[in-house]
Amino acid sequence: MSPLLVLGFASGLPLALTSGTLQAWATVEQVSLQSIGFLTLAGTAYTLKFLWAPLVDRFAPPWLGRRRGWMLLTQWLLAASIAAMGLFSPGSQLQSLALLAVWVAFLSSTQDIAFDAYSTDVLRHEERAAGAALKVMGYRLAMVVSGGLALILADQWLGWGNMYFLMGGLMMLASLATLWAPEPEHVAQAPRSLEHAVVEPLREFFSRPGAWTILLLIVLYKLGDAFAGALSTTFLIRGAGFDVTEVGMVNKVFGLVATIIGALAGGGLMTRLGLYRSLMAFGVLQAVSNLGYWMLAVTPPHLYGMALVVAVENLCGGLGTAAFVALLMALCRQQFSATQFALLSALSAVGRTYLAGPLTPVLVDRFDWPVFFMLTVLIALPGLVLLWAKRSLIRGLDVDQAA
């Protein structure tokens, strides 16, 4: 399981660089709020990745096996593409930078397809909770590095362009974990044809009882979290009145500590609580943690207050994500793990990409920041209600996987 920490880091590094960190850069360059909101559409690839996931299931580069071969290829392309983002400026070259961000998101989502399938294949049932926690820990650490630390480096030391060059170098280093990672103990046979790779994963999944409601649950479970985080960097700088270095430092220090605690606690608690109770408890926590942003919106800027909010958000968000990843892995069958995991995780990105990104600026303009963050708590409730309604089915996943 050890390589999953570094591979999770490689998986999480590009997301902030095409979302929150790019938002901060655009905010500093005085790009309009509406344009910043539509930059989140660069993440469309995370929603549509199921369309090319069958290619990852069916074919493989001629090195390192069916999963690790794709991982290494996309990681090297990502290293070069992330560095290339440093050659542009959002103030004067927003369209070119946005197109490059779309390309990075495409490569990143393809890496995620292969990595999610690999982790689903390589982990035994009894390792799944700890493995999901390690993945999330690496992912959240990468978000701190490419979010908080990146802001400090860009603002105080390197400038925005050189910071992106550095992040490309980190991606290249992280790719070494792909060479270190072992092959799964049991390697499932690849689908016999591309048609089989496309049709059979869908037929197998939709033949299960309650398949459609599970898909709806996946869309709704983190929807409130997605709305709260869509323009969180812009809120902290423009809405709450903190400067770029303060935001970066708090994300780096308190975000890092909370991420580590959340990942370790998530793995341990999931083993004890089981999948359903973990999803419910962590889902409630990640919804309530949005109230921290409301507190920042109605009080004068206070560095320690922001530190507390960021720490709680990273802790609760990490717990919720760890349980959510464990759910997605439990829903996949090994032969089709790339396509099925890509479909399920792509659905989870629908809220972030098509709802939270475009609608957050509209809601903020209409209601202002304090009311908006109260609304994000209400947006989280339907997912929790549906989770409760499907509790028997989700408890059954633990039994099926153990058997």
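Which residues does T245 touch, not counting residues up to four places away in sequence? I found I152, D155 and Q156 on its contact list, with contact meaning heavy atoms within 4.5 Å.

Before going on, I noted that this is a predicted model, where local features need pLDDT of at least 70, side-chain atom pairs count only at pLDDT 80 or more, and totals for chains, interfaces and linings use all residues. Residues are numbered from 1 along each chain as its sequence is written, and side-chain values use heavy atoms, with hydrogens and water left out.

**T245.** I placed T245 in helix α15, residues 244-273; helices here are DSSP runs of H or I, at least four residues, numbered from the N terminus. T245 is buried, at 18% relative accessible area (buried is under 20%, exposed over 50%, partly exposed in between, with a 1.4 Å probe and protein chains only).

**Helix α12.** I looked at residues 211-220 next: seven of the 10 are buried, so α12 is largely enclosed by the rest of the structure. The buried ones are A211, I214, L215, L217, I218, V219 and L220.

**Nonpolar patch.** On the surface I found V284, V288, L291, W294, M295, V298 and M374 forming a nonpolar patch, with about 540 Å² of accessible area together. Areas come from the Shrake-Rupley method with a 1.4 Å probe, and for residues only the protein chains shown count as cover. Patch members have over 30% relative accessible area and no salt bridge, and nonpolar side chains (Val, Leu, Ile, Met, Phe, Trp, Tyr) are joined within 5 Å; a salt bridge is a side-chain nitrogen of Lys or Arg within 4 Å of a carboxyl oxygen of Asp or Glu. Helix α17 (291-298) gives the most, with four residues. I also checked V284, which lies in α16 and is partly exposed at 37%.

Key. Patch = residues over 30% accessible without salt bridge, like charges linked within 9 Å, V, L, I, M, F, W, Y side chains within 5 Å. Helix = DSSP H or I, 4+ residues; strand = E, 2+ residues; numbered from the N terminus.
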